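Student: I am new to this structure. Please take one part and go through it closely.

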Amino acid sequence: MIPLGWPEGHPDEIVQSQIIESVNKVREKGCYCGRKYMPPAEKVKWNDVLYKSAFSHANEMKEHNFFAHFSKEGLDIGARLDRSGYNWLVAGENLGEGQKSFDEVLNDWIKSYSHCVMLMNPKVNEMAVAKVDKYWVQHFGKQMPPKKGK
């Protein structure tokens, strides 16, 4: 079981690896998202730029007491990742509110069709999770391939 939380700020490498391991166990087995079977997907790895973006959104939701996939400025996940410097090809986001542990929020995401589909998306290969107060933000991505000749 992953610890109840971590101090606000960056989770240490042990917590990061526990989170990634929990997500990858679900992805490796495949699962039903509602009635739709999602086949096994490749493992994801932790990305610190995704973490910074997730933390920023969780912090903004706490500071302004709202819960949404759009920032107070109306920016969606793609625009927020652009602002963070993540050169994304694929991007996605799961949110949680009030769960006491990562295991609890992961279980809730698996039970929700849209969150589960994002968790199992075979097009992403990186992710990070941030928690600020009662808000959980999970960001997923796949970076654009480097331009040829660079």
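Tutor: Contact here means heavy atoms within 4.5 Å. Helices (H or I, at least four residues) and strands (E, at least two) are DSSP runs, numbered from the N terminus. This is a predicted model, where local features need pLDDT of at least 70, side-chain atom pairs count only at pLDDT 80 or more, and totals for chains, interfaces and linings use all residues. Residues are numbered from 1 along each chain as its sequence is written, and side-chain values use heavy atoms, with hydrogens and water left out.

The part to look at is helix H4, residues 102-111, where Phe 102, Val 105, Leu 106 and Trp 109 are buried (buried is under 20% relative accessible area, exposed over 50%, partly exposed in between, with a 1.4 Å probe and protein chains only). These residues lie on the same side of H4, because they cover an arc of only 100° around the axis; the arc is that of the directions from the helix axis to the C-beta atoms. Packed against the buried residues of H4 are helix H1 (13-29), E4, helix H5 (113-119), strand E5 (126-132) and E6.

Strand E6 leads on to another helix. E6 spans residues 135-143 and, with helix H2 (48-64) and strand E4 (88-97), is included in what covers the buried residues of H3. In H3, residues 77-84, the buried ones are Ile 77, Gly 78, Arg 80 and Leu 81. Their arc around the axis is only 165°, so they too sit on the same side of their helix, H3. After H3 comes Gly 85, with a positive phi near 90°.

E6 also holds His 139, which is buried, at a relative accessible area of 0%. Among the residues that His 139 touches are Ile 77, Arg 80 and Leu 81.

Conventions
Lists of a residue's contacts leave out its neighbours within four places in sequence.
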